[in-house]
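Student: I would like to learn how to read a structure. Please take me through it one feature at a time.

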Amino acid sequence: MKSFRHRSIIRAKISTIPRHISEASSQLELYKMVAEKQRISKELSSIKERMTTLQKRLDSLNNEIENTERTIHKLRQPHSSISQNVVRSKTVVESSNYQTFEIEY
């Protein structure tokens, strides 16, 4: 069976006729514009705060990256004092004799 639409039911349409220009309609438009302006101003200030926070974090990350790269370059040098200390500590551990034992529970 086919479903038929009732032609007698007509849905109401939204009126496309503009409002009459009056003091009340002008005040309503003014209120809408001021409310939107305040919303946009708040959003813009929060975006500026977020940008400041992100820029500070980016600067600190750049500093940390530079420091880490300097440390890596120092460690790569064959005669650095840090690498000599590491070699000395290894020889001390290897030269001492440890006696080990096992404990069973």
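Tutor: Helices (H or I, at least four residues) and strands (E, at least two) are DSSP runs, numbered from the N terminus. Residues are numbered from 1 along each chain as its sequence is written. This is a predicted model, in which local features need pLDDT of at least 70, side-chain atom pairs count only at pLDDT 80 or more, totals for chains, interfaces and linings use all residues, and side-chain values use heavy atoms, with hydrogens and water left out.

Student: How many helices and strands does the protein chain have?

Tutor: The protein chain has two helices and zero strands. Helix 1 covers residues 23-76.

Student: What is the average pLDDT of the protein chain?

Tutor: pLDDT is the predictor's confidence in each residue, from 0 to 100. Here the protein chain averages 78, and 62% of the residues score at least 70. Over residues 89-93 the pLDDT is below 50, and this stretch has one contact (heavy atoms within 4.5 Å) in the model beyond near neighbours in sequence.

Student: How much of the protein chain is made up of buried residues?

Tutor: Buried means under 20% relative accessible area, exposed means over 50%, and partly exposed lies in between (1.4 Å probe, protein chains only). Of the 105 residues in the protein chain, 2% are buried.

Student: What is the accessible surface of the protein chain?

Tutor: Accessible areas come from the Shrake-Rupley method with a 1.4 Å probe; for residues, only the protein chains shown count as cover. The total for the protein chain is about 11,600 Å², and carbon and sulfur atoms hold 57% of that.

Student: How many salt bridges does the structure hold?

Tutor: A salt bridge is a side-chain nitrogen of Lys or Arg within 4 Å of a carboxyl oxygen of Asp or Glu. The structure holds four. One of them joins the side chains of E29 and K32, at 3.9 Å from N to O. E29 and K32 are about one helical turn apart because they are three residues apart in helix 1. E29 is partly exposed at 41% relative accessible area, and K32 is partly exposed at 44%.

Student: Which residues make the nonpolar surface patch?

Tutor: Patches are made of residues with over 30% relative accessible area and no salt bridge: like charges are joined within 9 Å, and nonpolar side chains (Val, Leu, Ile, Met, Phe, Trp, Tyr) within 5 Å. Here L30, M33 and V34 make a nonpolar patch of about 290 Å². V34 lies in helix 1 and is partly exposed, at 40% relative accessibility.
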